[in-house]
Amino acid sequence: MPEPTLCCRVPGAYCDRCDLLVGLPGLRVIGVERDGRDCLVVTVESAAEPMGCRSCGVIARGHGRVDVHLVDAPAFGRPVRIVWRKRRWLCPDPGCEVASFVEQDERVASARAVMTRRACWWVIEQIRREHASVNGIRRHLGTGWRTVWESIKPLLQAAADDESRFEGVTILGVDEHVWHHASTKAIEDGGRGPKELTGMVDLTRDPNGHIKARLLDLVPGRSGATYRQWLDQRGEAFRSSVQIATLDPFHGYKNAIDDQLQDARSVLDAFHVVKLATQVARTSAGGCSRTPPVTAAARTTRCTESATSCAPGRTGSPTGSSPGSTPRSPPGTNTSKSNSPGSVPNRSAPLTTSTPTPPAVPSPRRSLTPSPPARSRRSLVSGEH
Ligand SMILES: [Zn+2]
Ligand SMILES: [Zn+2]
């Protein structure tokens, strides 16, 4: 007799393999189908077993079902919907304050949740690790932006409120982050609020001596006062544990460290050391610059984004000018770049004498890719699910 090829061999019984595939704790799969929007609809229920009243503990009586629809993480390239056939119960004790109740399981979803708990954490991980946007995520889930954001917001808020992430920090980094270039109109008025944030990062080495940079906090503003206030809020225990404070070459942050972390050693972070050194090398190698506005003289030599020294322009190529740029200088034009009018001066300044002197060529501060609002606090979330 041939081996059965069906997954669910016993009609009417639960299937361990289907349960394993769906993987919702405490729930058994009783049906799978595809709806008209190409979503996988998985119907689940808990196994029948005695239930005590959540108030008095008396064995409750079954009282029908309530179908609860939940958005789950996508599977097999399709959005997934869970239909949880929740059991409803009646308490037989006439003196009990709870007349009836519906089963709940926080591992699956909170009461009145629209998304499963694992879907919420899947979203957070996608945003946190894969640079996904809320808008991209909601397309994968086949649901709305607000549904996604309102579902993950309480988890993010709880993580942000959890001060345990500040424990054990011995190496503390700080840098600014420009997270949008739109209007600074208040969020309540439809704007995006402050453009600039100050980010604090835990750079403490693990027992193996490895650094796993962990974002501790992001606060609005980019000033020494912002950082000083944040350090002040952390308390003495936190400040006294910090042994090394790294920073970008901005005297405001340095002043805050001097003020709040007297016992810590200030260290210029590696990124800015390399950046400043590279600028010096570029300047001495030929004086090219990527500082807008680009003059015709400066365009005769170009640096690539990743280059560490200047590469001479390809004389045989077209001008390489972007539309609207000025034409190439006539031969004989001095190609050295001086402070161009209108350039933004670098507010950075070296903190120690060993730091390379900022070049004569002013360069804009590192401009980071703006993030959508939903991504602003993603990395505050601990890895615990
Ligand atoms: Zn099965
Ligand atoms: Zn009761």
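## Loop residues with positive phi

R112 is exposed, with 7 other C-beta atoms within 10 Å. This residue, in a model that is predicted, sits in the loop between β5 (100-102) and α2 (117-129). The phi of R112 is near 65°, a positive value in a residue other than glycine. Most residues other than glycine have a negative phi.

## The chain and its confidence

The chain holds 8 helices and 12 strands. Of its 385 residues, 23% are buried. Among contacts between residues at least 6 apart in sequence, 58% join residues at least 24 apart.

The pLDDT of the chain averages 74, and 71% of the residues score at least 70. Over residues 291-385 the pLDDT stays under 50. For residues 291-385 the model has 151 contacts beyond four places in sequence.

## Helix α3

Helix α3 spans residues 134-141. Which residues of α3 are buried? They are V134, I137, R138 and L141. These residues cover an arc of only 100° around the axis, which puts them on the same side of α3. They pack against β3 (61-75), β4 (78-90), α2 and α4.

V134 lies in α3 and has 20 other C-beta atoms within 10 Å. A residue is buried if that count is 20 or more, and V134 is therefore buried. V134 and G144 are 10 residues apart in sequence, and their C-alpha atoms are 9.3 Å apart in space. After α3 comes G142, whose phi is positive, near 65°.

## Packing of α3 with α4

Two packed helices are described by the angle between their axes and the distance between the axes. For helix α3 and helix α4 (residues 145-161), the angle is about 105° and the axes are 8 Å apart. Angles of 65 to 115 degrees count as roughly perpendicular, and α3 and α4 are therefore roughly perpendicular to each other.

On the α3 side, the contact involves V134, N135, I137, R138 and L141. On the α4 side, it involves W145, V148 and W149. The residues of this contact divide into 6 nonpolar, 1 polar and 1 charged. Among them, V134, I137, R138 and L141 are also the buried residues of α3.

## Helix α5

In helix α5 (residues 224-234), T226, Y227 and L231 are buried. Seen down the axis of α5, the buried residues fall within an arc of 130°, so they line one face of the helix. A225 and Q233, on the other side of α5, are exposed.

What do the buried residues of α5 pack against? Their partners are the strands β6 (171-178), β7 (196-202) and β8 (214-220), together with the helices α6 (236-241) and α7 (251-260). Just after α5, G235 takes a positive phi of about 90°.

Note on methods: Residues are numbered from 1 along each chain as its sequence is written. Chains are lettered from A and ligands numbered from 1 in the order in which they are written. This is a predicted model: local features need pLDDT of at least 70, side-chain atom pairs count only at pLDDT 80 or more; totals for chains, interfaces and linings use all residues. Axes are lines fitted to C-alpha atoms, for helices over the stretch in contact, and angles run from 0 to 180 degrees between N-to-C directions. Helices (H or I, at least four residues) and strands (E, at least two) are DSSP runs, numbered from the N terminus. Angles under 35 degrees count as roughly parallel, over 145 as roughly antiparallel, 65 to 115 as roughly perpendicular and the rest as oblique. Two residues are in contact if their C-beta atoms, placed from the backbone, lie within 7 Å. Ala, Val, Leu, Ile, Met, Phe, Trp, Tyr, Cys and Pro count as nonpolar, Asp, Glu, Lys and Arg as charged, and the others, Gly among them, as polar. A residue is buried if 20 or more other C-beta atoms lie within 10 Å of its own, exposed if 12 or fewer, and partly exposed in between; C-beta atoms are placed from the backbone. pLDDT is the predictor's confidence in each residue, from 0 to 100. The arc is that of the directions from the helix axis to the C-beta atoms.
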